[in-house]
2 protein chains.
Amino acid sequence: MGKQTYQFSTSATDFYFADSITHLKEIIDVKHAVFITDENIFKAHLKRFKNSKVIILKPGEAHKNQETVNSIIQQLIAFEADRKTILVGVGGGVVTDITGYVASTYMRGIKFGFVPTTLLALVDASIGGKNGIDIGVYKNIVGVTKQPSFILHDFSSLGTLPETEWHNGFAEIIKHACIKDAAMFKELQQHSFKYYFSKKKETALLIERNAKIKLKVVQKDEFEQADRKLLNFGHTLGHALENQYELSHGQAISIGMTYASHISEQLLGFKQTEAVVKTLEQYGLPTYFKFDKAKVFDVLKMDKKRERKEMNYILLEKIGKGVVKQIPLNQLEKIIQSL
Amino acid sequence: MGKQTYQFSTSATDFYFADSITHLKEIIDVKHAVFITDENIFKAHLKRFKNSKVIILKPGEAHKNQETVNSIIQQLIAFEADRKTILVGVGGGVVTDITGYVASTYMRGIKFGFVPTTLLALVDASIGGKNGIDIGVYKNIVGVTKQPSFILHDFSSLGTLPETEWHNGFAEIIKHACIKDAAMFKELQQHSFKYYFSKKKETALLIERNAKIKLKVVQKDEFEQADRKLLNFGHTLGHALENQYELSHGQAISIGMTYASHISEQLLGFKQTEAVVKTLEQYGLPTYFKFDKAKVFDVLKMDKKRERKEMNYILLEKIGKGVVKQIPLNQLEKIIQSL
């Protein structure tokens, strides 16, 4: 079990890559932990949670809301959780987002750690300390930035993941390639998700590579004043679509990246839209999508990257080089209409 | 208008003592502010809020809850508030607690400042960055620690405060004297709230003195690892009583200080209980109170200062010297029963 510690502005996170949840007892005092997971994971891995305090959520983004938070807090009070309690989120991005948010606000903040179990959570959602919930169609509009104490990668879960969850994860992996890593983009072009699905070692390397792309960005700009914004490539339109059309996060941002590539063409002369679209499709992801443009723009304009009358939109100069472009809202509205 | 800047661990707060809300436009760009206040203050000071974006809360601790937070967030979305928006809480402790909490979580955190209007908020509640809400009978069980950008003392409000609000504020002033300032305790013994009520200059000095007692403690221990715990003198029992018996905060902690003095007698040989009780009564505050001890202990044990099976209870060695005493829960239960 190899530990790698990453320092952030006010705290550090211990990473355990390509590991197993069975090592958790070597990391924390399990007796004083409360686990948060969802029904699917709980049922699939009953043995893991034996003799533990567990809070079980309904699965899915639709439950990443205040009602779920209220219910967790009631259960923490019932467990008599105090400031020495540690919350451990075992699951995908919904579980880790909510766990981090509750832990950051319960008694004004207690410790927490994650055991991500989906590809998306392993390469993206569990990393970086953005925790929070949705309010209706507005994704992650309430939350805090606070780093987990540890992230333990549990590889035993990957084998039981459904195919759609692999697609989801690859959306963020392709995103990392688009904005930061042209060499990885080439590698991805040569394969498909089925290749990784069957190759444990290659998948482990890919996960660690992606986690480290994100880690490096977050370490330099934890509170998203500059470079961290790039990680939102595909997310501005993606978030506006996701809860309105009940798309998975990976599907939504894949569509977002498709149109962001087209906008990059229009505004920056980006020339590789076709390659982006083809790669997304290779990994089982949707690209072009019919949506109500007026309705979607209404949600999109509340994106957290808006500053008054301008949106910080993430575009590509070329594959491997994302940039932040300030687009006036009225211009952006016309662009969205013309897509 | 004199500005005094206090630095905390990750941010600074600008203080404007003995000032007026009319100066607010010199501190912030009012055009990009959203005000949060309550119905009473809004009605009493309509002119202040002319042409501003205002969110008006129902007054009172009973509304310091998640429902109010939800409603504020909906209104912020309707105002199209973004990360450059500043929230300004104008009111007592309930308004400032909620404003700070919403601002710390909306879009993962936007700027906020306070215009405290009650004596209690001026000397205590607005200072120190503890923001949060209640869940049922559990006071401040959800929240974050984050400092406001500014605190503007508005003295024009003090003149219109009802007498009970003066009593409330003096509860925290007497608390400061008990734990940190024997000289101020002597001064308080010589007067009553009516004296300060009529003396503007003396009140201004008293407010600044108390704000600075708290500021000094918070600067040294923002996240309550040590000395900041002392500020909870009277609050452990007080919080357990407050929402169960619909007491005002000042009344609740006055009762809490009375019994904490008795516990100090029992455990530390404290000899000045009578002086504490007499002074509280001089300032219109209740002291002895009949309560359901089993029911109150059930809430008390969820106090944030519990660590597993021990409670960090704040006691007095002598007036002017508060101490933290770890009391095992089973011993504390017996003590509460015997009060």
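Two rings of Phe, Tyr or Trp (for Trp, its six-membered ring) form an aromatic pair if their centres lie within 6.5 Å; planes under 30 degrees apart are called stacked, over 60 edge-to-face, and the rest tilted. With that rule, ring pairs link A:Phe170, A:Tyr195, A:Tyr196 and A:Tyr283 into a cluster.

Some housekeeping. This is a predicted model, where local features need pLDDT of at least 70 and side-chain atom pairs count only at pLDDT 80 or more, while totals for chains, interfaces and linings use all residues. Residues are numbered from 1 along each chain as its sequence is written, chains are lettered from A and ligands numbered from 1 in the order in which they are written, and side-chain values use heavy atoms, with hydrogens and water left out.

Back to the rings. Over all chains the count is 24 aromatic pairs. One of them is B:Phe112 with B:Phe114, a tilted pair at 5.5 Å centre to centre and 50 degrees between the planes. Both B:Phe112 and B:Phe114 are buried, where buried means under 20% relative accessible area, exposed over 50%, and partly exposed in between, using a 1.4 Å probe and protein chains only. B:Tyr195 and B:Tyr196 make an edge-to-face pair, 5.0 Å between centres and 85 degrees between planes. B:Tyr195 has 25% relative accessibility and so counts as partly exposed; B:Tyr196, at 1%, counts as buried.

Next, salt bridges. The term means a side-chain nitrogen of Lys or Arg within 4 Å of a carboxyl oxygen of Asp or Glu. The structure has 36 of them over all chains.

Take A:Glu172 and A:Lys175, which meet at 2.9 Å, N to O. Both lie in helix α6 of chain A, residues 163-180, three residues apart, or about one turn of the helix. Helices here are DSSP runs of H or I, at least four residues, and strands are runs of E, at least two, numbered from the N terminus. A:Glu172 and A:Lys175 are both buried.

Which parts does the bridge between A:Arg209 and A:Glu187 tie together? A:Arg209 is in helix α9 (residues 200-220) and A:Glu187 in helix α7 (residues 182-189), both of chain A, so the pair ties together parts 22 residues apart in sequence.

Last, B:Arg83 forms a salt bridge with A:Glu224, with the closest N and O atoms 4.0 Å apart. B:Arg83 sits in the loop between α3 and β5 of chain B, and A:Glu224 in the loop between α9 and α10 of chain A, so this pair joins two chains. B:Arg83 is partly exposed at 26% relative accessibility, whereas A:Glu224 is buried at 8%.
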